[in-house]
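User: Hi! I'm new to reading protein models, and I'd like to walk through one with you. Can we take it step by step?

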Amino acid sequence: MNFSLQNITRKNIRSLQPYSSARDEYTGEASVFLDANENPFNAPYNRYPDPRQVALKNQLGKIKKISPDRIFLGNGSDEPIDLLFRAFCEPGTDNVVAISPTYGMYRVAADINNIAYREVLLEEDFSLNADKILEATDSATKLIFLCSPNNPTGNALNQMEVLKIISNFNGLVVLDEAYIDFCPEKTLLANLEQYPNLVILQTLSKAWGLAAIRLGMAFASPEIIAILSKIKYPYNINLLTQEKALKMLQLEEQKVKWVENILQQKDILAKELIKLPIVLKLFPSDANFILVKTVAAKKIYQELVERQIIVRDRSKVALCGESLRITVGTAAENELLIKALKEIWSNWIIQ
Ligand SMILES: *Cc1c(COP(=O)(O)O)cnc(C)c1O
């Protein structure tokens with residue numbers, strides 16, 4: 001491998017002088033703040049939040065066993081995804097490679113930034129072939145997007161194949177681990193120091209139960225984190241989000257219990273689903289959802305909507321013909337789904 005962060009960073013970003021906020025310009029202790037044109041009343045919401053999110057990064061560093069200077073926090077995972085394009089991909093010239101099917105935001109961010117998006121189909125069983133990915137790259141490929149466990153397929157990607165890609169690519173490999181809490185043994189977080197071209201994405205939106213507060217994380221070398229931090233909006237993580245995240249991170253046992261519950265419910269749901277005549281196949285899942293091949297995805301989706309139950313119709317997605325993606329809910333919610341699916345089937349055979 002011949003990776004150089006300098007070489008893959010856009011020229012304008014390399015020479016960028018970032019915005020310097022009032023709170024960035026002094027060091028040491030302070031008690032009277034007359035520097036940022038804030039209102040002196042209505043504490044604590046009158047003050048700008050910490051632009052470097054020091055307390056939150058320290059707490060996350062402990063939980064993730066990683067140095068805080070390897071952490072970037074964003075307004076959801078969407079923010080680091082977009083910033084990676086803006087930092088490393090020259091519009092109209094560069095390209096990225098991604099597995100297919102996968103999470104839709106990578107393509108949207110590529111399109112917004114006018115970066116060519118090359119898709120490489122996974123195998124029929126949704127496994128990853130490193131050589132196919134590497135063959136799709138050329139000298140203008142700056143990023144490779146992998147997602148493990150993958151959305152919408154649910155499977156974790158083979159680690160040897162992932163590492164093969166990282167070791168043989170001169171750009172950045174972005175590994176999205178949004179669902180990693182549901183199969184924690186498979187994270188590559190501990191391998192970060194070994195791979196200067198690896199960026200791992202995680203989020204508080206799934207296992208931590210905090211989709212509403214919008215907190216996404218990118219883990220990478222301190223040099224990559226410094227570039228992302230340089231180009232982010234100065235106060236990208238608001239005070240309410242920082243406070244709520246800090247509180248929740250102190251309740252890690254709660255998250256662990258939720259994950260156990262969801263995984264138990266996933267097994268129960270899978271056993272019920274596979275009994276149904278309208279279900280042809282369940283794809284193995286390492287996440288909190290199951291991709292389900294049915295006899296008629298669109299029709300089932302519509303009839304579930306009429307019963308006020310919403311699942312995700314993925315039947316138009318590559319390799320996902322007639323498939324629905326079903327998130328694992330509470331025991332009661334899952335039972336309602338199974339009951340509705342049974343009703344839908346019996347109505348069909350009566351007609
Ligand atoms: C849900 C999900 C995310 C989370 O996105 P946020 O913006 O952090 O809420 C990221 N990646 C994948 C693959 C997802 O499915």
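User: Let's start with the seven strands: what order do they have in the open sheet, and what kind of pairing is there?
Analyst: The order is β1-β7-β6-β5-β4-β2-β3, and the pairing is mixed. Two strands count as paired if DSSP finds at least two bridges between them. Strands (E, at least two residues) and helices (H or I, at least four) are DSSP runs, numbered from the N terminus. Before we go on, please keep in mind that this is a predicted model: local features need pLDDT of at least 70, side-chain atom pairs count only at pLDDT 80 or more, and totals for chains, interfaces and linings use all residues. Residues are numbered from 1 along each chain as its sequence is written, and side-chain values use heavy atoms, with hydrogens and water left out.

User: Got it. Which strands are at the edges of that sheet?
Analyst: Those are β1 (71–74) and β3 (116–121), and each pairs on one side only. From one strand to the next, the twist averages 20 degrees.

User: What does β3 pair with, and in which sense?
Analyst: β3 pairs with β2 (residues 95–100) in the parallel sense, over six bridges. If you want a spot to look at, I99 stands opposite V120 in β3.

User: And what holds paired strands together, in general?
Analyst: Strands of a sheet pair through backbone hydrogen bonds, either parallel or antiparallel.

User: Which helix lies across β1?
Analyst: That's α3 (residues 54–64), which also lies across β6 (198–203) and β7 (216–219). Helix α3 runs at about 120 degrees to β1. Such angles go from 0 to 180 degrees between N-to-C directions, with axes fitted to C-alpha atoms, for helices over the stretch in contact; contact means heavy atoms within 4.5 Å.

User: Switching topic: how many residues surround the ligand?
Analyst: There are 14, and the closest are D176, Y179, S205, K206 and R214. A residue is near a molecule if one of its heavy atoms lies within 4 Å of it.

User: One last thing: which peptide bonds are cis, for example at P101?
Analyst: A cis bond joins S100 and P101, with omega about 0 degrees, and P101 lies in the loop between β2 and α5 (105–112). Another cis bond joins S148 and P149, with omega about -5 degrees. P149 is in the loop between β4 (141–147) and α7 (159–167). For background, most peptide bonds are trans.
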